[in-house]
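User: I am new to this structure. Can you walk me through how to read it, feature by feature?
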Amino acid sequence: MRFSILIVSLLIVGFVTSFAAPVQLNGAGADKSADIRQINLDGLKKLLQRDPKDTRPLLINFWATWCDPCREEFPDLVKIDADYPAARLNFVAVSLDEVADIKTAVPKFLKEMKATMSVVLLNVNDPEPAIKVVDAAWDGQLPATFLYDKDGHVVFRHFGRIKPEELRAAIDKTVSSKQ
């Protein structure tokens with residue numbers, strides 16, 4: 001009887017956790033697997049919270065596959081991600097695509113871009129609270145890029161397509177002052 005309960009429990013846990021499993025890109029063009037997981041408003045809040053032990057700046061870019069300026073700037077973000085390894089910069093790309101696109105359009109686009117940064121898909125019914133959690137000055141325009149220092153303060157924000165040299169300068173300044 002205990003054995004049956006154990007097996008049923010393991011099956012239930014396996015079934016439940018399979019819904020939380022990230023989607024992975026496989027095949028050519030993805031040297032590292034790009035995991036895409038869904039987050040809600042609470043997940044976004046946790047993403048923005050700074051661990052006092054983590055002194056890396058946090059770079060967050062909000063984008064969507066249907067957003068032309070987002071698609072145009074993405075190669076610049078991929079290059080920035082490659083130039084600033086995870087040991088120096090925590091970079092998360094937050095997709096605002098539809099949840100149905102987490103297994104189709106989003107991984108296809110990331111594979112085309114050869115993107116390896118962390119990617120999450122924000123799944124909220126009302127985007128307004130999420131926008132205000134990120135930055136009260138943000139109206140939801142895409143793309144939107146925010147750089148946070150080790151204390152969680154926004155040290156760089158840009159709405160619309162980034163200018164890579166400006167973002168790099170902000171990252172370099174923040175990385176060098178992370179003591």
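Analyst: We will take the features one at a time, starting with the ground rules. This is a predicted model, in which local features need pLDDT of at least 70, side-chain atom pairs count only at pLDDT 80 or more, and totals for chains, interfaces and linings use all residues. Residues are numbered from 1 along each chain as its sequence is written, and side-chain values use heavy atoms, with hydrogens and water left out.

User: Which cysteines does the disulfide join?

Analyst: A disulfide is a pair of cysteine sulfur atoms within 2.5 Å. A search of the whole structure finds 1. Cys 67 and Cys 70 are the partners, with S to S at 2.4 Å. The torsion about their S-S bond is about 75°, so the disulfide is right-handed.

User: Are Cys 67 and Cys 70 buried or exposed?

Analyst: Buried means under 20% relative accessible area, exposed over 50%, and partly exposed in between (1.4 Å probe, protein chains only). Cys 67 has a relative accessible area of 5%, so Cys 67 is buried. Cys 70 is at 1%, and is buried as well.

User: How many aromatic pairs does the structure hold?

Analyst: Rings of Phe, Tyr and Trp (its six-membered ring) pair if their centres lie within 6.5 Å; planes under 30 degrees apart count as stacked, over 60 as edge-to-face and the rest as tilted. The structure holds 7 such pairs. Take Phe 74 and Phe 109: their ring centres are 5.1 Å apart and their planes are at 70°, so the pair is edge-to-face. Phe 74 lies in helix H3 and Phe 109 in helix H4, so the pair ties together parts 35 residues apart in sequence. Helices (H or I, at least four residues) and strands (E, at least two) are DSSP runs, numbered from the N terminus. Phe 74 is buried at 0% relative accessibility, and Phe 109 is buried at 3%. Elsewhere, Phe 62, Trp 138, Phe 146 and Phe 159 form one aromatic cluster.

User: Which residues have the most contacts inside the largest nonpolar core?

Analyst: In soluble globular proteins, nonpolar side chains tend to be buried together. A nonpolar core is a set of buried Ala, Val, Leu, Ile, Met, Phe, Trp, Tyr and Cys residues joined through side-chain atoms within 4.5 Å. The largest one here has 48 residues, and those with the most contacts inside it are Leu 44, Phe 62, Trp 63, Phe 74, Met 117 and Ile 171. Contact means heavy atoms within 4.5 Å. Leaving out residues up to four places away in sequence, Trp 63 touches Cys 70, Phe 74 and Phe 109, among others.

User: How does strand S6 pair with strand S3?

Analyst: Two strands pair if DSSP finds at least two bridges between them. S3 (residues 58-63) and S6 pair in the antiparallel sense over 5 bridges. Asn 61 has Thr 145 as its bridge partner in S6. S6 also pairs with S7 (residues 154-159), again antiparallel over 5 bridges. There, Phe 146 has Arg 157 as its partner. The hairpin of S6 and S7 has 5 residues between the strands, and Gly 152 takes a positive phi near 90°.

User: Which residues lie on each side of S6?

Analyst: In a regular strand the side chains alternate between the two faces of the sheet. In S6, Ala 144, Phe 146 and Tyr 148 are on one side and Thr 145 and Leu 147 on the other. Both faces are covered, and 5 of the 5 residues in S6 (residues 144-148) are buried.
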